[in-house]
Amino acid sequence: MKPITLQGTLRTKILEMHYNANSGHIGCSLSCIDLMIAIWKYKNPGDTFILSKGHAASALYTIMNDSGDIPDADMPTFYKNGTDLPAHPAPLKYASIPFATGSLGHGLPLAAGIAKAAQIKNNTNISYVLMSDGETNEGTTWEACHFAVANKLDNLLVVIDRNGLQGFGNTDKVIGDTAAPHLWEAMGFDVKIADGHDIKQLVETKNELLTRKNGKPKVIIANTVKGKGISYMENKLDWHYLPMNEQQYLQAQNEINTRYFQPNDQ
Amino acid sequence: MRKHFSGYIENNLANRDDLIFITGDLGYAALENLQAKMGPRFINAGVAEQNMVGVAAGMASQGFSVICYSIAPFVVYRCLEQMRNDVCFHNLPVYIVGNGGGYGYGIMGSSHHAIEDIAVLSGLPDIACYVPAFIDDMNTCMTDMFARRGPAYLRLGLGKPMPAAFTPTPWGAMKIAAGNKLTVIAQGPVANNATEALSKNPHNESISFFTINKMPLTTLPAEIATSIAETGNVLTIEEHISIGGLGSTVALLASEAALPIKKFISLHAEGYPGKKYGSQAYHQQLSGLDEANISHVINSYF
């Protein structure tokens, strides 16, 4: 399947899951699904991926389903009692979810630990972690940054979903934009900025960073749009929280069909 | 206990390729040899305990067993969510080692004390909290802990040898009295105050004494249950608050086992009465955990 089609297919599944569950956290999954495609679909066996912004679990579940890690039959159980697919990833359910997340600021220290383990074992595995920009407010981000730089973890690749919105405001207006590239450069990271919805550009950026064995941990600061793909959701804080009604759902699916499956679009 | 701990690691575990030692920037005049011996597997994570425990969980997920060492309160409270979400939810072999449990850091003040640590940690899933009372007990605890493929906490304090009258057990130590009238159960090095009090007490031969080295306690050891059934009199002693510690656990288990209790006294850390600060012995005295008060309380049973 071509990545451009996969961007549409997974969005369709995300919308289905949230509509059936009558649940929110749609905008944050649509914001990062392309980042996940660029990492997940192009990582090697032995590499690890942590979704630190656990509230985008539906994006993770859809790509795991597409990869065969979650059976089709499990997908409708999302949000239902007795499910293995709660709103934030659960511990010890799937090998490809090494850590349950949900409380922000945990993924980067965990990924740094995984990278440190690979360094000691002298293997070539890459430790990936996907964070939200609001999440970088957490102090653990900066503890882990110092640790990663001091330990020369150039096998650590952080991807920041920089959609500019956090729980209750714009990231630059709440306590300041802690995902700003100059901060990460000052910390000692190897920093690249990319369009977070352009799979080709993301993969090329990732590959370029990983060829640089310079002792610097890597970060892709990906400019994204919360709710990407659905006109009425884009850049709207509301779609961190709201479920869709029937009319909104049908419009959303229609827009995805038009934007991602029509020839010569995007 | 700190020296015994580092010596144990140096002599028994430092060469284990799957063992990582992370310190939160502590260990001056104690861990230098271990650092030299372990090389890259000895990591100073700096003054950043949350990251230290997160990193430890990440490394443990890749097959390592990881010790995180610091002063007890710093490695228990600041990084509690990392211990819960990252370590315990995933049942990973990360061993938190806290030096100076209870009022161990004395005049350093309340920031350096850990008198709620067992309450805080022992309810987390799959964790074992070790609180050795005597130096002799430490090897039992450490052997058990390092054989675990799951989370643990080791609380270190002042180390004294176990009195000759005691018999070591897997769960601590015991001294069974023939004419049994009182069951004393203690936890951690404050047990030494009790053994001193007991050795001088005229009722010594009528008192059975036990220490418990591992929490959470889910069932009473048979010897303790028998002793409580015989005496109906229980005294628990711990350098920890009354909530979520030894006394409350023993009371619950004895009640569930329908053991008849005539008199139950819990001696425990009372916090900071009068908001005054001093040595470990000073704080023990304010909480009634000193030898003289323990003697006084023991005598109240006779």
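Select Asn122(A) to begin: at 69% relative accessibility this residue counts as exposed (over 50% relative accessible area; buried is under 20% and partly exposed lies in between, with a 1.4 Å probe and protein chains only). The model is predicted, so local features need pLDDT of at least 70 and side-chain atom pairs count only at pLDDT 80 or more, whereas totals for chains, interfaces and linings use all residues. Residues are numbered from 1 along each chain as its sequence is written, chains are lettered from A and ligands numbered from 1 in the order in which they are written, and side-chain values use heavy atoms, with hydrogens and water left out.

Asn122(A) sits in the loop between α4 (107-121) and β2 (127-132) of chain A; helices (H or I, at least four residues) and strands (E, at least two) are DSSP runs, numbered from the N terminus. Display the backbone here: phi of Asn122(A) is near 60°, a positive value in a residue other than glycine. Most residues other than glycine have a negative phi, and most peptide bonds are trans.

Next, select α4(A) together with helix α5 (residues 139-150) of chain A. Their axes come within 9 Å and cross at roughly 20° (axes are lines fitted to C-alpha atoms, for helices over the stretch in contact, and angles run from 0 to 180 degrees between N-to-C directions). α4(A) and α5(A) are therefore roughly parallel to each other; angles under 35 degrees count as roughly parallel, over 145 as roughly antiparallel, 65 to 115 as roughly perpendicular and the rest as oblique. To show the contact (heavy atoms within 4.5 Å), pick Leu108(A), Pro109(A), Ala112(A) and Lys116(A) in α4(A), and Thr140(A), Thr141(A), Ala144(A), Cys145(A) and Phe147(A) in α5(A).

Now move to Asn22(A), in the loop between α1 (3-21) and α2 of chain A. Asn22(A) has a phi near 50°, again a positive value in a residue other than glycine, and counts as exposed at 52% relative accessibility.

Side chains to display are Asp34(A), Leu35(A), Ile37(A) and Ala38(A) in α2(A), which meet Ile199(A), Leu202(A), Val203(A) and Lys206(A) in α8(A).

Turn to chain B and select helix α1 (residues 2-13), whose 12 residues reach 16 Å from first C-alpha to last. This is close to the 16 Å expected at 1.5 Å a residue, the expected span being 1.5 Å times one less than the number of residues. Buried in α1(B) are Phe5(B), Ser6(B), Gly7(B), Tyr8(B), Ile9(B), Glu10(B) and Leu13(B). Their cover includes β1 (19-23), α2 (32-38), β3 (65-71), β4 (94-99), α7 (135-147) and β6 (152-155) of chain B.

Select Glu205(B) next, in the loop between α8 (191-199) and β10 (207-212) of chain B. Glu205(B) is exposed, with a relative accessible area of 62%. Apart from residues up to four places away in sequence, Glu205(B) touches Ala177(B), Ala178(B) and Gly179(B).

Finish at Pro216(B), in the loop between β11 (214-215) and α9 (222-231) of chain B. A cis peptide bond joins Met215(B) to Pro216(B), with omega about 0°.
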